[in-house]
Amino acid sequence: MNTALATRSNAASFAPMLPAVLQTIAWHELVSHRSYLVRFAQRRLRDPLLAEDVVHDVFEAVLSGRAVFAGRAALRSWLTAVLKNKIVDAVRRNTGFESQGDVSDDEGALAIECPQPRPDEIAEQHQLLERALERIDALPPTLRDAMRLRVLDDQPTEAVCRELGISEENLFVRIHRARKQLLS
């Protein structure tokens, strides 16, 4: 059966049930925005099933009259605004429940990650930084100066070239050689 034809016949059967404001909007016009709304919801939620549910909630709200189209905006804009509110509701409804339900009793509180680095990670980063600075200090003076001024001090290329009395090409060669020696 042709989808457009089926949509029109469904529209005729649903017309008496639609709120007065929506009777002016054709059902097929309303449903024509469904694929856009689903894609919009999938990009926000990153869950195709939840996106379908949220779009279903939008149409349910429209049909039940809880979301009223006043005609002050384009239909798609209004549907998108209703969808955004439904997405926020879905996120609030699902927040906290899934993550705690996924944690088994064996893992307990150890499964909850803190966004801040742990003290041992900070100490390891400091040690890596100290070793990198020591290796830079051990470079030949021409490479070390180019590396310090351009990379560590983040000075502009022109200023570094003036200070060292070299061309830009020469500066890039020195930095390349310095990096190559640091990696070896």
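Mentor: The discussion below takes up salt bridges and then a charged surface patch.

Mentor: This is a predicted model, in which local features need pLDDT of at least 70, side-chain atom pairs count only at pLDDT 80 or more, and totals for chains, interfaces and linings use all residues. Residues are numbered from 1 along each chain as its sequence is written, and side-chain values use heavy atoms, with hydrogens and water left out.

Trainee: Why is the contact between Asp120 and Arg118 called a salt bridge?

Mentor: A salt bridge requires a side-chain nitrogen of Lys or Arg within 4 Å of a carboxyl oxygen of Asp or Glu. The closest N and O atoms of Asp120 and Arg118 are 3.2 Å apart, so the pair meets the rule. By this rule the count comes to 6 salt bridges.

Trainee: Why is Asp120 called partly exposed?

Mentor: Buried means under 20% relative accessible area, exposed means over 50%, and partly exposed lies in between (1.4 Å probe, protein chains only). Asp120 has a relative accessible area of 45%, so the label is partly exposed. Arg118, at 43%, receives that label as well, and so does Glu121 at 30%.

Trainee: Which parts does the salt bridge of Arg148 with Asp137 tie together?

Mentor: The closest N and O atoms of Arg148 and Asp137 are 2.3 Å apart. Arg148 lies in helix 9 (residues 141-152) and Asp137 in helix 8 (residues 119-137), so the pair ties together parts that are 11 residues apart in sequence. Helices are DSSP runs (H or I, at least four residues), numbered from the N terminus. Arg148 is partly exposed at 30%, and Asp137 is partly exposed at 39%.

Trainee: Which residues gather in the patch of positive charge on the surface?

Mentor: They are Arg39, Arg43, Arg44, Arg76 and Lys84. A patch takes residues with over 30% relative accessible area and no salt bridge, like charges being joined within 9 Å. Lys and Arg count as positive, and the place of a charge is taken as NZ of Lys or CZ of Arg.

Trainee: How do you know that Lys84 passes the accessibility cut-off?

Mentor: Lys84 has 45% relative accessibility, so the requirement of over 30% is met.

Trainee: Which helices supply at least two residues each of the positive patch?

Mentor: They are helix 4 (34-45) and helix 6 (75-94). Helix 4 gives the largest share, 3 residues, while Lys84 is placed in helix 6.

Conventions: Patches are made of residues with over 30% relative accessible area and no salt bridge: like charges are joined within 9 Å, nonpolar side chains (Val, Leu, Ile, Met, Phe, Trp, Tyr) within 5 Å. Accessible areas come from the Shrake-Rupley method with a 1.4 Å probe; for residues, only the protein chains shown count as cover.
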